[in-house]
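These notebook entries record what I looked up, item by item. I began with helices and ended with the core.

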Amino acid sequence: MSRSAARAPAKAQFTSAAAGFYLVLLLLSVAYLVGSLRLGPPMIDGRLAPSFFPLLIGIAATALCLAQWLAEIRRPRGQADETGESTLAAAGDSSEAGPVRRMVRSPAIRLMVATCLYIAAFSVLGYWLSSALYVLTVMVLFAGRERLLSKAVIALVITAIGYLMFSELFNVRLPLLWE
Amino acid sequence: MDFIHQVIGSFSLLLDPTVLFYVIAGFLVGTVFSAIPGLTATLALALLLPLTYSLDVTTALMACASIYMAGMCGGSITATTINIPGAPSSMMTALEGYPMQQRGEGPLALGHASFASMIGGTFGAILLVVLAPFIADASLLVQTTGKFSLIAFALIVIVVAQRGNIRRAAIATLLGLMLATVGLDAMVPVARFTFGSGELAAGIDLMPVIIGTFAISELLTQVSQRDQARQIREQLKNVTRIRRRDFIPPLSGIRKIGAACYFKSSTIGYLVGTLPGAGGSMGGFLAYVEAVRTSRTPESFGKGNPKGIAAAESANNAVCGGALVPMLTFGIPGDPITAIVLGVLIINGIQPGPQLMESQAELIAPMLASLMFSALILIPLTMYLLGPYFIRIVTIRRDVLFATIALLAVVGSYVATYSIFQMGMTMVMGILAFYLRKHGFPVVTLLLGFILGPNLEEYLRRALTLSNGDPTTFFTQPDSLFFVVLTAVFVYFLAIRKPLQLKTSSESS
């Protein structure tokens, strides 16, 4: 452990990944609560209005997310939380790479980007082309770039099986490049 | 009695080659998915969900039942051979199965696991068939106010069951409830949280939530765990070849375990299954603990005692029957699998509830027949015929496996509505679930919050309208009071009493 990490047991964890995520949840809850308030009064003529239930949920979610975020930022550096996750691990302090580079290198982020691109290209490029490229990308993300040609052939086979299953067996009309 | 006859009569449906094909295929897919660490039968069901649009609903429900049963026993394969449970429900099996594997009795351990799964699964299914009609009749006594308290009870119990993680579970449940409020209000035509989008006006569909939560988030989790998969493959290389005849446990071994152990463990599993949020892992754990407690040789456990395997496996398979009770009679799913089965019913316009057993008996009876068929015939048959190969299936290429799952998940989310918007929504739900899981939030509570949210709100508003806004109605109506007291009891035992005990014991030590 680095000297600064060892010296700062009482330091608040504003920068850990967990604190960032809890903050996002807190902001979402607050936005939901504000949205509920804008739906109108919770009771009209003694009856519950459409805003009543969202208001209840919004208040509860905001309170709990705030408590979760405060607990995280007050947690001493390096101490594990109730799920066993350490702030050092959560923040990824062991890695020397910067947060942006770490994010770009993360296979999960790459898979997210690939899936979003696939969804965007699905109706434009049609099922065959977009799916074959997507399947190949997922295979590369899971097993690396070795034996790319064999992976490409397998990707085509998976795409064809998918087409047969959805289109022929279950009568789903899949988008095609030229219809 | 009529319902029992209908279930017995439904076995004839299995003579139809198409139905039999889907039931067997479902069972095999469920076994393979639960055998591979990281994959679950829940994921298999989530991938099957889009196909139910094109499939006959009876066949779809029968396939769901066989996947469910397979999911509870398939995990024992890797739990025994490499000490890594393929599914959480097989955690206790690993404790006894792996030591047996180490002394060359792995196939015997798998044979005991398979036999116990058969007993537990059949016992749970029979109890379900016999008791469910009576529970459905009793559930007719629960009125609007009581229905709110019942759903609140289910959600609270699911949250407090996540010991040591209650705040996160509560947040995930609230996120599910938030998602459920998107769209037009059910009682007054007011759009809520739609941001002017016509596609959100009808609310968020169940399909993107299920596929996103269980398939996309699993892909995102697995893509980061390449090394772990390599380790498992290396470990499997050392597993010796297994002969088919080694799987059959000797009668003397079964006698030594004793009928009482099978019966008691199955009963524990069934009862645990009826509780919201408990699941197969808790059923297996409690039955295992009970087997150790009542054993004359408790020191033999943990060193390869087949009785431990029998207790855990018969209990986790009996959970299947128990977990379907609240789903079929009250429309309250207790775990992710029953939540997806509920999704299949909802997608086909069937609302579960007290009347379901009467009005839709022709749909429910075949499902229960399939559950029984899977337990009694498919579990032992599959283990005997395909057991030696299942161990090799675990070594299947991950890139091929996950690329196929990714394609099925993303295209599957398109199938329901032919909408790119639904695909996008699936991705959003998948990313949310991935980060929630990464930070220790149980996503099953999010799903149950989403599914139960609309009914919770509807019954709350109806109950308060009926009582002219008087909230004491939840304590004065007998049916509601029953569930309020039940909630208090569960909260006391799960969230208050246990931590106090732990605190006391840690202070004394």
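Helices here are DSSP runs of at least four residues, numbered from the N terminus. I note at the outset that this is a predicted model.

**Entry 1: helix α21 of chain B**

I looked up α21(B) and found 19 residues. From its first C-alpha to its last, α21(B) reaches 27 Å, close to the 27 Å expected at 1.5 Å a residue. Just after α21(B), I noted that Gly440(B) takes a positive phi of about 80 degrees.

I then asked which residues of α21(B) are buried. They are Gln422(B), Met423(B), Met425(B), Thr426(B), Met427(B), Met429(B), Gly430(B), Leu432(B), Ala433(B), Phe434(B) and Leu436(B). These buried residues pack against α9, α11, α20 and α22 of chain B, and also against α6 (107-143) of chain A.

**Entry 2: the contact between the chains**

How many residues does each chain bring to the contact? I recorded 49 residues from chain A and 49 residues from chain B. On the side of chain B that touches chain A, the elements giving two or more residues are α9 (166-180), α11 (206-222), α20 (398-415), α21 (420-438) and α22 (443-466). Of these, α20(B) gives the most, with twelve residues. Sorted by class, this side of chain B has 30 nonpolar, twelve polar and seven charged residues.

**Entry 3: helix α15 of chain B**

I turned to α15 of chain B, which covers residues 279-294 and has 16 residues. The helix reaches 23 Å from its first C-alpha to its last, close to the 22 Å expected at 1.5 Å a residue. The buried residues of α15(B) include Gly279(B), Gly280(B), Phe285(B), Leu286(B), Tyr288(B) and Ala291(B). I found that the buried residues of α15(B) pack against α4 (57-73), α6 (91-102), α14 (259-274) and α16 (306-330) of chain B.

**Entry 4: chain A as a whole**

I counted seven helices and two strands in chain A. From the N terminus on, the order of elements is α-α-β-β-α-α-α-α-α. Chain A has 179 residues, of which 32% count as buried. Among the contacts in chain A with a separation of 6 or more, 58% join residues 24 or more positions apart.

I also checked the confidence of the prediction. Chain A averages a pLDDT of 82, and 78% of the residues score at least 70. Over residues 1-9 of chain A, pLDDT stays under 50, and the model has nine contacts beyond four places in sequence for them. Residues 86-95 of chain A also have pLDDT under 50, with 25 contacts beyond four places in sequence. Where pLDDT is low, the predicted coordinates should not be read in detail.

Most residues other than glycine have a negative phi.

Arg147(A) has a positive phi of about 50 degrees although it is not a glycine. This residue is found in the loop between α6 and α7 (148-169) of chain A. Is Arg147(A) buried or exposed? Arg147(A) counts as exposed because it has 12 C-beta neighbours inside 10 Å.

Phe193(B) has a positive phi near 55 degrees. I located Phe193(B) in the loop between β2 (191-192) and α10 (198-201) of chain B. Phe193(B) is partly exposed because 19 other C-beta atoms lie within 10 Å.

**Entry 5: Ala87 of chain B**

I found Ala87(B) in the loop between α5 (76-81) and α6 of chain B. Why does Ala87(B) count as buried? The reason is that it has 30 C-beta neighbours inside 10 Å, and 20 or more is the cut-off for a buried residue. Leaving aside residues up to four places away in sequence, Ala87(B) touches Ser34(B), Thr40(B), Ala41(B), Gly71(B), Gly74(B) and Gly75(B). Ala116(B) is 29 residues from Ala87(B) along the chain, and their C-alpha atoms are separated by 17 Å.

**Entry 6: the largest nonpolar core**

I looked up the largest nonpolar core and found 214 residues. The residues with the most contacts inside it are Ile67(B) and Leu368(B). Helix α7 of chain B, residues 106-139, gives the largest share of this core, 16 residues. The core also draws at least three residues from each of domain 1 (3-94) and domain 2 (104-169) of chain A. Beyond residues up to four places away in sequence, I noted that Leu368(B) touches Val7(B), Ala125(B), Leu128(B) and Val129(B).

Conventions. Residues are numbered from 1 along each chain as its sequence is written. Chains are lettered from A and ligands numbered from 1 in the order in which they are written. This is a predicted model: local features need pLDDT of at least 70, side-chain atom pairs count only at pLDDT 80 or more; totals for chains, interfaces and linings use all residues. Two residues are in contact if their C-beta atoms, placed from the backbone, lie within 7 Å. Ala, Val, Leu, Ile, Met, Phe, Trp, Tyr, Cys and Pro count as nonpolar, Asp, Glu, Lys and Arg as charged, and the others, Gly among them, as polar. The expected span of a helix is 1.5 Å times one less than its number of residues. pLDDT is the predictor's confidence in each residue, from 0 to 100. A nonpolar core is a set of buried Ala, Val, Leu, Ile, Met, Phe, Trp, Tyr and Cys residues joined through C-beta atoms within 7 Å. Domain bounds come from an automatic or database domain assignment.
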